[in-house]
Amino acid sequence: MGDESERWVLSEEQWRQRLTPEQYAVLRRKATEPPFAGRYWKHRERGVYRCAGCAQELFSSEAKFDSGTGWPSFWAPVREQALRTEPDDRSGLRRTEVLCSRCDGHLGHVFPDGPRPTGLRYCINSAALVFELR
């Protein structure tokens, strides 16, 4: 797997073999899971959420909050370099897409209506995450 900064470039066939169909749809095809359906939206255990594609650490449970939207929400990543963002106009709305900086997997979107201290709400698909208890 290499270190946290190593970029992952796999073929679409390799991604299909590595991921479940739901993970592939979200991470590689930019799908969105239904609200209140993902396994982590009400998750309360303490630990770290990693990218389901490449296992990079993305978010800590300490930055998780209940946004009421039905998706796991975080006010900050574990480190800024773990994520990258891009403008997203696909739905007809101006949004900011959040991607894993290591494998370019689609994670969700970030909005400027989160709690302090950042004021950000990283709204992330559960299918894009795997949880590690700590």
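This is a predicted model: local features need pLDDT of at least 70, side-chain atom pairs count only at pLDDT 80 or more; totals for chains, interfaces and linings use all residues.
What does the side chain of His109 make polar contacts with? One partner is the side chain of Asp88, at 2.6 Å. Another is the side chain of Arg95, where the polar contact is 3.5 Å.

Strand β5 (residues 83–88) pairs with strand β6 (residues 95–100) in the antiparallel sense, over 6 bridges. Within this pairing, Asp88 stands opposite Arg95 of β6, and these are the two residues whose side chains make polar contacts with His109. The two strands form a hairpin with 6 residues between them, and in the turn Gly92 has a positive phi of about 90 degrees.

Moving on to the next pair, β6 and β7 run antiparallel and are joined by 4 bridges.

Asp104 leads us to the charged side chains. Side chains of opposite charge can pair when their charged atoms come close. Asp104 belongs to a network of salt bridges that links it with Arg7, Arg84 and Glu86. In total, the structure holds 14 salt bridges.

Some individual pairs are worth a visit. Asp89 and Arg94 meet through their side chains in a salt bridge, with an N to O distance of 3.2 Å. Asp89 is partly exposed, because its relative accessibility is 45%, while Arg94 counts as exposed because its relative accessible area is 66%.

Arg134 and Glu132 form another salt bridge, in which the closest N and O atoms are 3.1 Å apart. Arg134 has 56% relative accessibility and so counts as exposed; Glu132, with a relative accessible area of 29%, is therefore partly exposed.

Finally, are the residues of the salt bridge between Arg50 and Glu57 buried or exposed? The side chains of Arg50 and Glu57 meet at 3.2 Å, N to O, and both Arg50 and Glu57 are buried.

How values were computed
Residues are numbered from 1 along each chain as its sequence is written. Side-chain values use heavy atoms; hydrogens and water are left out. A salt bridge is a side-chain nitrogen of Lys or Arg within 4 Å of a carboxyl oxygen of Asp or Glu. Buried means under 20% relative accessible area, exposed over 50%, partly exposed in between (1.4 Å probe, protein chains only). A polar contact is a pair of N or O atoms within 3.5 Å; within protein, one must be able to donate a hydrogen and the other to accept it, and residues adjacent in sequence count only if both atoms are side-chain atoms. Two strands pair if DSSP finds at least two bridges between them.
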